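Here is a short briefing on one protein model. Keep the structure in view as you read.

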Amino acid sequence: MPKDDFVAALESGLGRVALVHKKYADAERWYNDVATRFGKTHSAPGALYWRAVTHYKATNDHSVLGEVAEELRDKYPSSIWAAKAIPWLPAGSKTEAA
């Protein structure tokens, strides 16, 4: 496994642990690091998805879900995470992930 993929997977795991323990700020920080520093890794789409979920859990601000659905559709259209986020797309923009 390439170093960047390994680090991204590790940080995503740390984000998951923080999320499970309801340490939303820590989880969001881990997921954000993966999404911004390791955007070309296999973990990046999932980190975007979970970063949005974490933000929503912490704030109850649902607008972030629609935004991430559009970002996933645009940046990672063939990702399973783009498909999982389809229900969050704003009305009129729901399309199947490639």
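**Briefing: helix packing, ring pairs and one asparagine**

Helix H3 (residues 44-59) packs with helix H4 (residues 63-75) at an angle of about 170°, and their axes are 9 Å apart. That angle makes H3 roughly antiparallel to H4, because angles over 145 degrees count that way. The model is predicted.

**How H3 meets H4**

- Two numbers are used here: packed helices are described by the angle between their axes and the distance between the axes.
- From H3, the contact is made by Pro 45, Leu 48, Tyr 49, Arg 51, Ala 52, Val 53, His 55 and Tyr 56.
- From H4, the contact is made by Val 64, Leu 65, Val 68, Glu 71 and Leu 72.
- The residues of this contact divide into 10 nonpolar, one polar and two charged.

**Aromatic rings**

- How many aromatic pairs does a search of the whole structure find? The search finds four.
- One of them joins Tyr 49 and Trp 50, with ring centres 5.3 Å apart and planes at 80°, so the pair is edge-to-face. Planes over 60 degrees apart count as edge-to-face.
- Is Tyr 49 buried or exposed? Tyr 49 counts as buried, because its relative accessibility is 11% and the cut-off for buried is under 20%.
- Trp 50 has a relative accessible area of 24%, so Trp 50 is partly exposed.
- Tyr 49 also pairs with Trp 81: the ring centres are 4.8 Å apart and the planes lie at 50°, so this pair is tilted.
- The pair of Tyr 49 and Trp 81 links distant parts of the chain. Tyr 49 is in helix H3, Trp 81 is in helix H5 (residues 80-84), and the two are 32 residues apart.
- Ring pairs link Tyr 49, Trp 50, Trp 81 and Trp 88 into a cluster.

- Where is Asn 32 placed? Asn 32 sits in helix H2 (residues 24-37).
- Asn 32 has a relative accessible area of 31%, so Asn 32 is partly exposed.
- The side chain of Asn 32 makes a polar contact with the side chain of Arg 51, at 2.6 Å. Arg 51 is also one of the H3 residues that make the contact with H4.
- Asn 32 and Gly 15 are 17 residues apart in sequence. In space, they are 9.2 Å apart, C-alpha to C-alpha.

Technical notes
Residues numbered from 1 in each chain as written. Predicted model: local features only at pLDDT ≥ 70, side-chain atom pairs only at ≥ 80, totals over all residues. Heavy atoms only, no water. Helix = DSSP H or I, 4+ residues; strand = E, 2+ residues; numbered from the N terminus. Buried < 20%, exposed > 50% of the residue type's maximum accessible area, 1.4 Å probe, protein only. Polar contact = N/O pair within 3.5 Å; in protein donor to acceptor, adjacent residues only side chain to side chain. Axes fitted to C-alpha atoms, helices over the stretch in contact; angles between N-to-C directions. Parallel < 35°, antiparallel > 145°, perpendicular 65-115°, else oblique. Contact = heavy atoms within 4.5 Å. Nonpolar A, V, L, I, M, F, W, Y, C, P; charged D, E, K, R; others polar. Phe/Tyr/Trp six-rings, centres within 6.5 Å; stacked < 30°, edge-to-face > 60°.
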